[in-house]
Amino acid sequence: MKTNLDRSIIQLTFGVLFNHKFKLLDSWGEIADDILYKNQYFSPDFFTNISSQYTTERQLFNPARKHSLLLTSNNLVYTQTIESDFDSECELFKKRVSEYLVPNLLTRYTLVVRRLGVVYVCELDDSDIQRFAANFFNPTVQNIMDFRFSRKEPTDKGLILSDNADFINKIFTVGNISEGIKGVSYDYQLHFTPLHEDVRDSIDSFMTKSMTGFNTDVACSFGG
């Protein structure tokens with residue numbers, strides 16, 4: 001669904017927290033080769049650089065276009081910058097996650113998933129930030145420009161299944177998001193209890209629900 005905030009979404013991030021698997025980093029050469037040269041979703045033009053310092057993390061990145069992929073022994077973080085059309089690039093982002101990263105990293109290397117997350121970063125001016133803040137603060141409190149909070153919600157399974165305590169955590173960060181970026185960061189997280197050994201069947205639904213959450217929790221505040 002298209003919203004009037006699409007013009008302001010400048011970055012999408014997919015993150016996974018999984019149980020530590022220290023030997024995963026030993027496969028980095030194979031993983032990097034596959035990402036750069038052996039699929040239709042990424043290429044050496046998309047990720048132009050590879051990290052040269054091998055400590056506790058490995059990274060592919062593009063400093064000019066600001067795309068990156070970070071891998072540690074318990075974390076995967078893929079960030080894609082929106083360069084032109086949001087609709088087409090968001091669709092490609094979802095395909096890169098569900099059709100490549102999940103099966104070729106999470107499943108292939110038998111990573112036990114603790115949490116999935118998608119972050120939407122919107123660049124806003126001061127007036128829009130104040131407009132968004134007005135949804136959460138008493139009208140007598142003026143000029144709130146920086147704040148952060150989270151909201152926890154049960155999933156459908158967490159509500160109806162006695163052996164399931166899955167929950168959604170939504171993290172809102174407003175103001176100075178990172179160096180040079182001012183606006184709203186919306187982090188939609190799905191926490192698994194019990195942990196998931198295979199998320200292939202749930203990833204498409206999760207990605208769709210993350211966008212629905214963004215539309216409901218952020219975009220609707222601007223008439224989206």
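Biologist: Which residues do ring pairs link into a cluster?
Modeller: In this predicted model, local features need pLDDT of at least 70, side-chain atom pairs count only at pLDDT 80 or more, and totals for chains, interfaces and linings use all residues. Residues are numbered from 1 along each chain as its sequence is written, and side-chain values use heavy atoms, with hydrogens and water left out. Rings of Phe, Tyr and Trp (its six-membered ring) pair if their centres lie within 6.5 Å. The cluster linked by such pairs consists of Y120, F132, F136, F147, F149, F172, Y186, Y188, F206 and F214.

Biologist: Are the rings of F136 and F147 stacked, edge-to-face or tilted, and what are the angle and distance?
Modeller: Planes under 30 degrees apart count as stacked, over 60 as edge-to-face and the rest as tilted. The ring centres of F136 and F147 are 6.2 Å apart and the planes stand at 55°, so this pair is tilted.

Biologist: Is F147 buried, partly exposed or exposed?
Modeller: Buried means under 20% relative accessible area, exposed over 50% and partly exposed in between (1.4 Å probe, protein chains only). F136 has 33% and is partly exposed. For F147 the relative accessible area is 11%, so F147 is buried.

Biologist: Which residues are linked with K170 in a network of salt bridges?
Modeller: A salt bridge is a side-chain nitrogen of Lys or Arg within 4 Å of a carboxyl oxygen of Asp or Glu. K170 meets E153 at 3.1 Å, N to O, and E153 also forms a salt bridge with R151, with the closest N and O atoms 3.8 Å apart. Linked with K170 in the network are R151, E153 and D217.
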